[in-house]
Each structure stands twice: as C-alpha cells, then as structure tokens.
Amino acid sequence: FFHAVFPLAGVTQSYAWGKVGLESEVAKLVASSDPLVHIEPDRPYAELWMGAHPKGDAMIRDNRIGQQTLGQWIADNPGCLGAKVKDTFGGHLPFLFKVLSVNTALSIQAHPSKELAAKLHAQFPEHYPDTNHKPEMAIALTPFEGLCGFRPVEEIVSFLQSVPELRALIGDVAAEQLERSVSDDPRGVSAALRVCFTRMMKSEKKFFVDQLNMLVKRISQEVAEGKDTSGSNGDLLLRLHSQYPGDIGCFTIYFLNLVRLEPGEAMFLGANEPHAYLHGDCVELMACSDNTVRAGLTPKFIDVLTLCEMLNYTPAPSSSKIFPATQSPLDPSVYLYDPPVPDFTLMRIEIPSSIKLYLVSAVDSASILLVIQGTAVGTSTAAASEMTLRRGSVVFISANESISLHLSSPDGMLLFRACCLL
C-alpha cells in the first residue's frame, strides 16, 4: 500500500448528446493530458468518468502498480478510503466524478431514493442496474444550462393561459385545479401539479404530436413575423423540438425551471428532482450509481409511470436551484460545495499566480483531483515518483495523504477535488 498517490486515466463515454471532437471539453482535457490519444473529429465525447464504477473503471497510470483499474486496486487496498468512509460505504468508493460536454439535451430524468432504487432494481434489473441512490451536483466549466425542478406555480399557470396546446394536453379540469391551488396550502399545490404533469406525460402519442406540431408551427410563424415568443418559451421549444421532434419532453419546459450557471456556479439534484441538462460543459459529482428514470427527450427506455409517481412536486424559483460554494476558513484558495448527502463533497481549488508552492492537504477520505488549468510538478511521500500535472491530469489521493504542487504556469491553477467528508 506504499504507492497511495498515483495518476489515473479516466474512461470516455460517447453518448449521442455529447459535443463532437475537439469542441468537447472532455476531448480537450483527454488530449491535453495524453498527447498520444487520437481525438476523432466526428465522435461525440460526452462524458469522462473518473472513479471505480464497473461501467467505466479508471485505469491506473503507474508502472509500479501495473495494469490495474482503480476499482481492483481499492478492493485490494480498502484502507485507502479512510476508516470512516470504508466502514460507511462497505469498502467501496462512494462517489463517481465526471466531466460532461453537452451539445443536445439529455433526457428528462430523475434519480431514485435508496428505497425506490432497491424496489426498481428488484423489479427491472435490466433498466435499473443497482440499488443505490444517485444524488448529483453539476459545476459549470463553461456557461451551462439545464432544466431543474418545478417552476413557481404562477409561472406554470401563466403558460397554461398563453399556450393553448399545453392546456389541451392537460385538460381544463386539471388546469383550473392548478389555477385555483395558487392560494392553497403547499400540499394542495403539489397535488394539483402532480395531476397536471402526469396528465401531460401520459397523453396519447398521436394527440400530443399533433398539439406539438401546431405549437411549433405557431411559434415559427411568430418568430418569422418578428414577434416576442417569450410568453410561450418559444426559443427553447424550437431548439428542443429540432433535437427531438415529436417528443413529449418538449412540453416539460413549461413546468421546469430553466437554470443558467456561470463557470464555478453549481446545481445540486437530490432524489426525485426532475432535470435535464441542455447545453454546456460541467464537472459532475454523484453517488456511485447509474440509476436513472427517464421520460422524454431520449431514444432510451422510458418509464413515465415511475417518473410521475416519484417526482418531488415542490415548486421553487430557478434562483433557489443554484447551490452556493463556501470559501474554506482554513485555506482561501479552496471553495467547498458540500451538499446535504454524505456520499460526496467537491472542492474547487483556485491557486493564484503569486503562489509557487501549494499543498493539497490531507483529508480523511480517498479523493480524486482533476486539473482544469495550469501546470505543476506534484510530489508526495506516497507517490512512486514525481508527477507532471497539466490540464486534464487526474490523480487519485488515498486518505490522509497530501501532494505538494510546484507550480510552473504563470496564470496559477484551477483544480477540482472530489472526496467524501463524513
């Protein structure tokens, strides 16, 4: 267990929604960290997985350890997790760290709670591969947009009044119930919202395709006439419809908040929170699971009933979806994103150009470090040799180990570090 700090090679995933070739932040990071990698100009580089998930287990890049994945190495050396993490999570790395480069929208989805995950996995193991929950957090690397959580009811009601095609799908009875609920107690609002959203998601295919086509035609005409279509969320509707024509997911823009993140801003998605990433690049940190319940904007298996049943129907403004980072009282270079779940915490480390020697301090948890910008030589008593760190480098750091960075770039460094602070 001597070589407890070592470089990793992440695993890229080529999902169809990813940015292609060197337009992708994922591809740029991979190419920068390993000049021998050939980036195919037409291939989507959607995700980079940095962790020990069986669907994308990172390779260790350390001659003294040999050809081994991170998952294999952790299984042989569970002490590297830290005593508390090892005991709490049964000897497994509790998080999966990723970079995403989103070109077209991801599916309308939510991730189950632990209880629901266990039930879904027992019933449909081919669609729900594990029994874990999957809370996740996205931190923007470039301007990033996504749909997240239900809008305030007043906004939804306003769309029901200005988008007749939407109202047709839901029906007057359910729409009026939502309109009346605005003055209700929150439970009444959530119940009315559940009815409206479920009616829309379960409407007959032929009927909703007709309504969608009418809506798209109407908005396209209004755009051609130079009219303002923001009252029917026209820009976003046309964009999603061009990506997924005839898909029920296009209508969810009237229910869900559009959240825009600037680089460094984050959103946290707890269990049962409806969301869909739309465009941009981010780092993402989540519990180690691949459980996703989908219901639109996707060619994959969709499970509308489960999704409509499980969602959190609590309306809230889009501003409430931005998750704040707090500057570390111990180190002004560190900003902490510490969500209300035990599985993971993310640190954004911004080292100013005035600092030439920086200590990545020891924490009582295994962690994974990703370099976004800057170069340094890293040394550690627990590393086999010194490591050159540059854009795209990924390093595994065992619990209670530290790395000294000898910075060589004039502009300082930007790093993200995923860990589990119990």
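This is a predicted model: local features need pLDDT of at least 70, side-chain atom pairs count only at pLDDT 80 or more; totals for chains, interfaces and linings use all residues.

Visitor: Why is the aromatic pair of W73 and F396 called edge-to-face?

Guide: Rings of Phe, Tyr and Trp (its six-membered ring) pair if their centres lie within 6.5 Å; planes under 30 degrees apart count as stacked, over 60 as edge-to-face and the rest as tilted. W73 and F396 lie 6.0 Å apart, centre to centre, with 75° between the planes, so the pair is edge-to-face.

Visitor: What makes W73 and F396 buried?

Guide: Both W73 and F396 are buried, which means under 20% relative accessible area, whereas exposed means over 50% and partly exposed lies in between (1.4 Å probe, protein chains only).

Visitor: How do you know that the charged end of R348 sits over the ring of Y335?

Guide: The rule asks for NZ of Lys or CZ of Arg within 6 Å of the ring centre and within 35 degrees of the ring normal. The charged end of R348 is 4.4 Å from the centre of the Y335 ring and is assigned as sitting over it. K300 likewise sits over the ring of Y15, 5.2 Å from its centre.

Visitor: What makes strand 21 and strand 24 a pair?

Guide: Two strands pair if DSSP finds at least two bridges between them. Strand 21 and strand 24 have four bridges, in the antiparallel sense, and therefore pair.

Technical notes. Residues are numbered from 1 along each chain as its sequence is written. Side-chain values use heavy atoms; hydrogens and water are left out. Helices (H or I, at least four residues) and strands (E, at least two) are DSSP runs, numbered from the N terminus.
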